[in-house]
Amino acid sequence: MATEGQSEYESVLCVKPDVNVYRIPPRASNRAIRAADWKLDAPDWTGRMRVTARGKVAYVKLEDKISGELFAQAPIEEYPGITVETVSDSSRYFVLRIQDESGRSAFIGIGFNDRCDAFDFNVAIQDHFKWVKQEDEFSKQAQAPDLTPKLDLGFKEGQTITLNIGQSKKKDRSRPQSSGGFGLLPPPPGGKLAPPPSSRSTNHNTQPSAGVSDTGCLLNLDSSNSNSVAPSTTTTASSDLWGDFDSVSSK
């Protein structure tokens, strides 16, 4: 709803540079108004039209194109109404009730050369009074008491609620796998790998060092078993050496 300060402010709704004014014959009762009855080829006045609004009232002002002097104006307090009426045979022509400062009124015909100008003029007035209707509805709602029941969401006396807050479960992280799809074996407990057993049997038994892990001892079992016949080989070799010594001394 417009306040008193806002009602004094005049806003411009539409401006059209070319409009024609016609004198129209007296209106016959029960007969639609036709623009064909006017002298359309000889307008009585040509100028500029401005549609303004001050509060809830709209004004159609006919002004001189050059000087801007007011020729006539039509205050519109409701629409549709008798202040602005359409004709039955064209969408470019309207009947306008103009009024002077003393309150005297008269009916004239106005027309536009372009159909789009006539459309803009009609829409500007319609939009203004749509706004007026909405403002009236808002003011009625503000003045009317609110009889709708209000929803009470508060706690009653002694009322309690219980909240069960569960602990979030940790997601198991899967161990990354190699591109071949096989998991990697963990390293031995000792942190060192024993060398692989030799394919050739040695004449001497090797003792694992103190730093070799249990896994290294297990890997050397085969080589230890293969060296179990080493004493006989050593004995044969030593007897051959003494035999050669005897043969040389006998010579």
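Visitor: Is Arg 104 buried or exposed?
Guide: With a relative accessibility of 62%, Arg 104 counts as exposed. Please keep in mind that this is a predicted model.

Visitor: And which residue does Arg 104 meet in a salt bridge?
Guide: The partner is Asp 100, and the N to O distance between the two side chains is 3.0 Å. Asp 100 has a relative accessibility of 31%, so it counts as partly exposed.

Visitor: How many salt bridges are there in the whole structure?
Guide: A search of the whole structure gives 10. One of them joins Arg 54 to Glu 10, with the closest N and O atoms 3.3 Å apart. This pair links distant parts of the chain, since Arg 54 is in strand S2 and Glu 10 is in strand S1, 44 residues apart.

Visitor: Which residues are linked with one another in a network of salt bridges?
Guide: Such a network links Glu 10, Arg 54 and Lys 61. Arg 54 is partly exposed at 31% relative accessibility, and Glu 10 is partly exposed at 27%.

Visitor: What about Glu 63, which residue does it pair with?
Guide: Glu 63 forms a salt bridge with Arg 48, and the closest N and O atoms are 2.6 Å apart. The two residues are 15 places apart and link distant parts of the chain, with Glu 63 in strand S3 and Arg 48 in strand S2. Glu 63 has a relative accessible area of 5% and is therefore buried, while Arg 48, at 24%, is partly exposed.

Visitor: Why can such side chains pair at all?
Guide: In general, side chains of opposite charge can pair when their charged atoms come close.

Visitor: Let us change topic. Where is Lys 16?
Guide: Lys 16 belongs to strand S1, which covers residues 10-22.

Visitor: Why does Lys 16 count as buried?
Guide: Lys 16 counts as buried because its relative accessibility is 9%, and the cut-off for a buried residue is under 20%.

Visitor: What does its side chain do there, in terms of polar contacts?
Guide: The side chain of Lys 16 makes a polar contact of 3.2 Å with the side chain of Asp 117. Another polar contact, of 2.8 Å, joins the side chains of Lys 16 and Asp 120. Beyond its neighbours within four places in sequence, Lys 16 is in contact with residues including Arg 48, Met 49 and Phe 112.

Visitor: What does Ile 110 touch?
Guide: Not counting residues up to four places away in sequence, the residues touched by Ile 110 include Val 19, Tyr 22, Trp 38, Tyr 93, Leu 96 and Phe 121. As a general rule, in soluble globular proteins nonpolar side chains tend to be buried together.

Visitor: Is His 128 buried or exposed?
Guide: His 128 is buried, with a relative accessible area of 7%. His 128 is placed in helix H2. Apart from residues up to four places away in sequence, His 128 touches Leu 13, Ala 53, Gly 55, Lys 56, Val 57 and Ala 58.

Visitor: And how far apart in space are Ala 72 and Ile 98?
Guide: Their C-alpha atoms are 6.4 Å apart, although 26 residues separate the two in sequence. Ala 72 lies in strand S4 and is buried, with a relative accessible area of 10%.

Visitor: Finally, how many helices and strands are in the chain?
Guide: The chain has five helices and seven strands. From the N terminus on, the order is α-β-β-β-β-β-β-β-α-α-α-α. Of its 251 residues, 22% count as buried.

Notes
Residues numbered from 1 in each chain as written. Predicted model: local features only at pLDDT ≥ 70, side-chain atom pairs only at ≥ 80, totals over all residues. Heavy atoms only, no water. Helix = DSSP H or I, 4+ residues; strand = E, 2+ residues; numbered from the N terminus. Buried < 20%, exposed > 50% of the residue type's maximum accessible area, 1.4 Å probe, protein only. Polar contact = N/O pair within 3.5 Å; in protein donor to acceptor, adjacent residues only side chain to side chain. Contact = heavy atoms within 4.5 Å. Salt bridge = Lys/Arg side-chain N within 4 Å of Asp/Glu carboxyl O.
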